Amino acid sequence: MDDLKVSVIVPVYNVERYLDRCVGSIVGQTYKNLEIILVDDGSPDQCPEMCDAWGQKDARIKVIHKKNGGLGDARNAGLDVATGNLIGFIDSDDWCESTMFERMVATYREYRTSIVVCDVWVDWENGWPSEKKCFGEGSVSWNRIEAAEAFCGEGLPAWMCNKLFERQLWNGVRFTSQLYEDIPVMRRFLTSVNGISFTRTLEYHYIQHQNSIVNSSMQEKHLTLLSEMLKNFEFSKKISEKGVVEARKAVVWEAYYLLYKMIVQGVLVEKQG
């Protein structure tokens, strides 16, 4: 039964090369009760016209045109008009398997957890072999404490795009304009969710670009990430000793990585004289 409506929010900016593949993969889902929200975030290329063309092709598609405000702001614009029982996100240069939402909704029906997670293919644009990112450590579901412990370490990334959320989680919650805007949102959710369940199937294709903000040279983003991990460490103290241990390891690793990037890029130089 397709009685549960899923709102799929797609922020769109400067991705005309990828947009048709992305939207086509959503339109072609085996689960049909979708509300597809394309948010044109002031894109300077042909994306605004492409979004409108898709809106003409499929009645399930809503198109929003707005001034550029960044990823979080575009997602917020989609959340403001979403009417689904469940909320999902897709990045417009990525794509998903045709079974993604059918399997995520089926998992939600079985376990009724606040969040459902699917596994991810990381597809390298430069031709490197795709990598599998699998979650749950063989479990079908975690309670809130188990999920929070994994989040404080590296077992549950804050990625929005491989998750399905109950609508009520978003009441009073929106993204900020900072980089890694998904981390504080997940940290907040993990104070109240009843649990997380897993499809244990690879459904989402995350396209890794060589010049992506995740993979680019050291900038504000690394300091922001370290700051968020330190906040996760403080959060972990309210969870469990295991959470503290995992969070501490994550902070140490990111601090060492930041130092390495600074040395390699010449940010740290030997003091002369």
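Let me start with threonine 224: leaving aside neighbours within four places in sequence, threonine 224 is in contact (heavy atoms within 4.5 Å) with Gln178, Leu179 and Tyr180. A word on the source: this is a predicted model, where local features need pLDDT of at least 70, side-chain atom pairs count only at pLDDT 80 or more, and totals for chains, interfaces and linings use all residues. Numbering runs from 1 along each chain as its sequence is written, and side-chain values use heavy atoms, with hydrogens and water left out.

Back to threonine 224. It is found in helix H7; helices here are DSSP runs of H or I, at least four residues, numbered from the N terminus. Threonine 224 counts as buried because its relative accessibility is 13%, and buried means under 20% with a 1.4 Å probe, protein chains only.

Next, the partner of H7. How do the axes of H6 and H7 cross? Helix H6, residues 182-189, and helix H7, residues 220-236, have axes that come within 10 Å and cross at roughly 10°. So H6 is roughly parallel to H7, a label for angles under 35 degrees. From H6, Ile183, Pro184 and Arg187 meet Leu225, Glu228, Lys231, Asn232 and Phe235 in H7. Those residues divide into four nonpolar, one polar and three charged.

Last, the lining of the second largest pocket. Which residues line it? They are Glu137, Trp142, Glu146, Glu149, Ala150, Glu154, Gly155, Lys242 and Glu246. Helix H5 (144-152) and helix H8 (241-264) each give two or more of them. H5 gives the most, with three residues. By class, the lining has two nonpolar, one polar and six charged residues.

Conventions: Axes are lines fitted to C-alpha atoms, for helices over the stretch in contact, and angles run from 0 to 180 degrees between N-to-C directions. Angles under 35 degrees count as roughly parallel, over 145 as roughly antiparallel, 65 to 115 as roughly perpendicular and the rest as oblique. Ala, Val, Leu, Ile, Met, Phe, Trp, Tyr, Cys and Pro count as nonpolar, Asp, Glu, Lys and Arg as charged, and the others, Gly among them, as polar. Buried means under 20% relative accessible area, exposed over 50%, partly exposed in between (1.4 Å probe, protein chains only). On a 1 Å grid over the protein atoms alone, a cavity is a set of points where a 1.4 Å probe fits but cannot get out, and a pocket is an open set with protein on both sides within 12 Å along at least five of seven lines; lining residues have an atom within 4 Å of a point.
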